[in-house]
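Here's a quick walk through the model you have open. Take a look at it first, then read on.

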Amino acid sequence: MATVSLIEAGRLAVQQEMRRDPRVWVLGEDVARGGLWGQYKGFLEEFGAERVVSTPISEATIMGAGLGAALVGTRPIIEMRIFDFVMCAMDELVNQIAKVRYMFGGQASPALVVRMPHGMWRNSAAQHSQMLEAWFAHLPGVVVVAPASAEDEAGLLVAAIQSDDPVLFFDPKDLWQVQGEVAETIAPIPFGRARLLRTGDAVTLVTWSAMVSKAIEAADALARQGIDVDLLDLRTIWPWDEDGVIKSVRKTQRLLVAHEAVEVAGFGAEIVARVVDRLGTANIKGARRLGAPRVPIPFAPRLETEVRVTADKIVAAVTQMLR
Amino acid sequence: MAAKSKRSPDAGDNIRQLTALYRTMVRIRAFEETALAAHKAGEIPGPLHVSVGQEAVAAGVCAALRKEDRLTSNHRGHGHAIAKGAEPARMMLELYGRDGGYCRGKGGSMHIADFSVGMLGANGVVAGGIPIAVGAAQGLKMLKSEAIAVCMFGDGAVNRGPFLEGLNWAMLYKLPVLFVCEDNGVAAFTRADSVTAGAGPIARAEAIGVPGASVDGNDAIAVGEQAQRLIAEIRSGRGPRLLHAKTYRWTGHTSTDAAQWRDPKEVEAWKARCPIQRLEAVLGERDMGAPEFAAIATHAQHEMEEARAAAKAAPWPKAAAAFEDVQDAGAVTWQR
């Protein structure tokens with residue numbers, strides 16, 4: 001066990017898998033220099049330029065070439081640098097990667113990982129701060145992963161690389177420096193299992209990615225007021241731990257889903273709808289979402305803070321549900 | 001066929017290879033015409049994009065390929081698939097949406113693929129196959145394979161970003177990929193030259209250092225020779241090449257488009273340059289004649305009619321197939 005940052009945990013996970021399997025390689029802008037964030041530091045030296053490919057700023061071809069290389073039997077890690085740039089590669093991701101297995105009747109096996117550091121980070125403004133994981137939950141054919149701890153970054157990245165599905169891996173870039181324990185040999189963490197972070201009977205609080213740290217803060221503040229919540233970090237958005245959430249809501253009868261993404265048509269809406277469908281309104285005293293207002297992310301710190309979901313807002317929402 | 005006497009002896013100019021080239025074109029034509037008739041009869045759902053008149057490009061390029069070479073195609077890809085070695089019977093099943101089709105009825109005409117012969121799929125998005133071919137070439141190189149990748153696309157694709165990105169990328173990493181611009185002069189319903197600035201695909205390729213060659217896309221022998229020359233250069237590790245083949249689409253954009261905006265004289269002039277008849281003229285000088293041509297045509301016609309009858313009689317896929325081949329983790333059923 002070593003205590004490492006989330007970014008280092010991811011680096012160790014990819015390194016382990018590239019050492020294990022020579023078919024695994026990484027492509028994207030600046031990856032041979034260690035990547036924009038340092039998440040591939042030392043890779044060029046260890047694995048060589050053929051497996052650590054710095055590319056032109058050609059997102060469509062970064063994505064599409066990754067797919068082509070997967071179709072001949074390699075296992076690429078496609079680095080998007082910053083999530084928002086994936087918009088330049090939407091045909092390759094949505095029309096090609098997500099469809100090839102189905103459209104070709106199972107002949108294709110696009111075993112690849114797309115890494116997309118996402119979310120708000122140091123006032124980066126509207127084109128470098130988005131959380132659109134709900135778009136991809138809506139897209140058949142892909143797995144959607146959004147870890148919030150160093151342990152999960154490592155274990156889920158190993159699982160993603162070993163998976164034969166195309167896995168969209170949302171690195172939480174605001175959490176690069178959170179610390180965690182990573183084993184010498186990183187074991188894969190199965191998709192679709194939430195992590196229970198706090199337990200309580202009052203409310204089920206579901207969240208993921210950067211919102212997890214805010215939710216922990218909120219849960220602890222509520223506990224000081226004598227309100228204990230079940231806090232679940234979903235970890236993967238598709239598949240998501242429906243049974244785990246249902247089990248908790250059966251107990252608490254109240255559900256709050258908090259996410260950094262815009263509330264309107266966010267993934268919280270899906271979770272609330274599913275839970276209400278399965279449990280029935282008679283068995284639920286409250287189910288709601290808490291997300292960002294439907295505005296682009298502004299630059300100025302004063303404005304960015306205004307649109308953020310914070311621990312205070314989560315506390316307020318929970319308190320209101322209990323009234 | 002002015003150039004026939006100047007052909008090099010190693011360029012496939014022998015009767016066996018020429019006959020194979022001829023047979024491929026005749027089979028493509030027969031497949032397309034049979035599919036069109038079946039569509040007209042209401043047997044095939046959805047639109048078809050057929051390649052009648054363009055057979056020489058598919059046949060010529062694929063004659064220069066090996067089975068392990070990979071090919072990506074576009075929405076007008078039936079001919080490419082047949083020339084690469086796909087079975088027309090399974091293609092026809094797929095066009096009909098029936099069980100046993102290449103894509104288990106989930107792809108249809110626009111998404112024929114046969115990975116067992118290196119056919120990595122037709123594509124419903126213009127230029128969609130370019131980055132995939134480039135990546136396939138990159139993967140093959142990484143795996144130390146001797147195979148190459150070939151990418152077939154139309155004149156419309158050169159105006160999409162992936163064309164620029166893909167050529168630059170392939171040149172940068174010296175990838176074994178042949179870009180084939182199958183230029184039928186029309187991007188859907190718009191004349192390509194009315195929406196394309198500059199001197200064309202070769203000029204664009206050369207601007208980023210990718211050597212190219214132009215060829216008469218209705219001359220199967222010339223296409224084969226040029227493809228073979230470029231592919232030899234690619235196999236020797238010199239990086240990508242581009243082949244620009246000028247041809248003509250006899251039919252409309254889709255099976256429901258009569259393309260009446262075209263001057264009938266223009267269509268007739270191109271029909272007079274039919275790639276199949278042109279090869280007959282060459283073969284005619286090598287002791288082949290009407291009986292041999294008719295035998296090949298009859299055989300092809302019979303093959304496609306059989307495929308049609310079998311597809312028409314084949315069962316639909318079982319309903320559960322709609323939920324298969326989506327993904328391993330997080331797969332769903334109707335009642336989840």
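## Confidence

What is the mean pLDDT of chain B, and what share of its residues reach 70 or more? The mean is 94, and 96% of the residues get to 70 or more; pLDDT is the predictor's confidence in each residue, from 0 to 100. For the model, ipTM is 0.96 and pTM is 0.96.

A bit of housekeeping: this is a predicted model, so local features need pLDDT of at least 70 and side-chain atom pairs count only at pLDDT 80 or more, while totals for chains, interfaces and linings use all residues. Residues are numbered from 1 along each chain as its sequence is written, with chains lettered from A and ligands numbered from 1 in the order in which they are written.

## Chain B overall

Chain B has 11 helices and 7 strands (DSSP runs numbered from the N terminus: H or I of at least four residues for helices, E of at least two for strands). Its C-alpha atoms fill a box of roughly 65 × 50 × 40 Å along the principal axes.

Among contacts in chain B with a separation of 6 or more, 76% join residues 24 or more positions apart.

## Where the chains meet

The contact takes 38 residues from chain B and 40 from chain A. On the chain B side, the elements giving two or more residues are helix H5 (129-142) and helix H6 (161-172). H5(B) gives the most, with 10 residues.

## The nonpolar core

The largest nonpolar core has 203 residues; such a core is a set of buried Ala, Val, Leu, Ile, Met, Phe, Trp, Tyr and Cys residues joined through C-beta atoms within 7 Å. Val145(A), Leu168(A), Val150(B), Val177(B) and Val180(B) touch the most other members. Helix H1 (residues 15-40) of chain B gives the most to this core, with 10 residues.

Leu168(A) touches residues including Val114(A), Met116(A) and Phe136(A), not counting residues up to four places away in sequence.

Definitions and conventions:
Contact = placed C-beta atoms within 7 Å. Buried ≥ 20, exposed ≤ 12 C-beta atoms within 10 Å, placed from the backbone.
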